[in-house]
Amino acid sequence: MPPTPREPGSGPSTGSRPHLRPPGPGEEVEDVDLARVDWWGAELDGVTFTRCRFDDADLTEVVTRRCVFDSCVLTGVRMGGSRHSGSAFLSCRFDRARLIDVVWDGCKLTGSQFPGAVLRPLTSTDTDWSWTSLRGVDLSGSDLSGQRFREADLTDADLRECDLTGADLDRVRMQGTKLRGSDLRGAATEAVPWRALELTGVRLDLVQAVQVAMAHGALVEG
């Protein structure tokens, strides 16, 4: 699907660097400053970026396929409407990034951090969010069923009305996490801090209900 045309007057922002063109298929880019590049609507196929900086870059509606971003900095990046298939963002920083309407399909975001980022609405399927830092992030109302969040930091995150059925929530940090109305049935919940959570309206399966009861000191007998 071709990129949506820019609205009048919505050209490259002041200080952008449109002369820095996107790399071709299969290229490897290492330790390069790509701050403020304007790659709006670009398609990246099999490209590997290692320790690159994308501060305040315009990656709106970018499409990546099987790309790797390893230890990259994407502070203030604009990625609204972008689509990522089979790509990996490993130990990256998305400080204050705008990730509205992003599609993550079969991606790995392991170890990445999202302080101050805007992530919703989003579409995420078969994606690995393990060891990510999503502290304080608003994901309310999102379909995160079947996603992997093992040992992620969800402290103070807003997960109200989320579909988390079948998700991997083993050993997540959830102090202060908002869960009202979310559905956790079938999720892996080893070492979830049930005592620290407000569970009003949360849908649980029988195994999780037993975990909650035991966390509050109940003696559960078969």
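**View 1. Phe 69 in the predicted model is a buried residue, with a relative accessible area of 3%.** Buried means under 20% relative accessible area, exposed over 50% and partly exposed in between, with a 1.4 Å probe and protein chains only. Phe 49 is likewise buried, at a relative accessible area of 0%. This is a predicted model, in which local features need pLDDT of at least 70 and side-chain atom pairs count only at pLDDT 80 or more, while totals for chains, interfaces and linings use all residues. Residues are numbered from 1 along each chain as its sequence is written, and side-chain values use heavy atoms, with hydrogens and water left out.

**View 2. Aromatic pairs, 12 by count.** Rings of Phe, Tyr and Trp (its six-membered ring) pair if their centres lie within 6.5 Å; planes under 30 degrees apart count as stacked, over 60 as edge-to-face and the rest as tilted. Phe 49 and Phe 69 are stacked, because their ring centres are 4.8 Å apart and their planes meet at 25°. This pair links distant parts of the chain, 20 residues apart: Phe 49 belongs to strand 3 (residues 48-50) and Phe 69 to strand 5 (residues 68-70). Helices (H or I, at least four residues) and strands (E, at least two) are DSSP runs, numbered from the N terminus. Phe 89 and Phe 94 form a tilted pair, 5.8 Å centre to centre with 55° between the planes; both residues are buried.

**View 3. Ring pairs link a set of aromatic residues into a cluster.** Its members are Trp 39, Phe 49, Phe 54, Phe 69, Phe 89, Phe 94, Trp 104, Phe 114, Trp 129 and Phe 149.

**View 4. Ala 117 lies in the loop between strand 8 (102-105) and strand 9 (122-125).** Ala 117 is buried, with a relative accessible area of 10%. Neighbours within four places in sequence aside, Ala 117 is in contact (heavy atoms within 4.5 Å) with Phe 94, Arg 96 and Ala 97. Thr 75 is 42 residues from Ala 117 in sequence, and their C-alpha atoms are 9.1 Å apart in space.

View 5. Along the sequence, the pattern is β-β-β-β-β-β-β-β-β-α. The C-alpha atoms fill a box of roughly 70 × 35 × 25 Å along the principal axes. Of the 222 residues, 44% count as buried.
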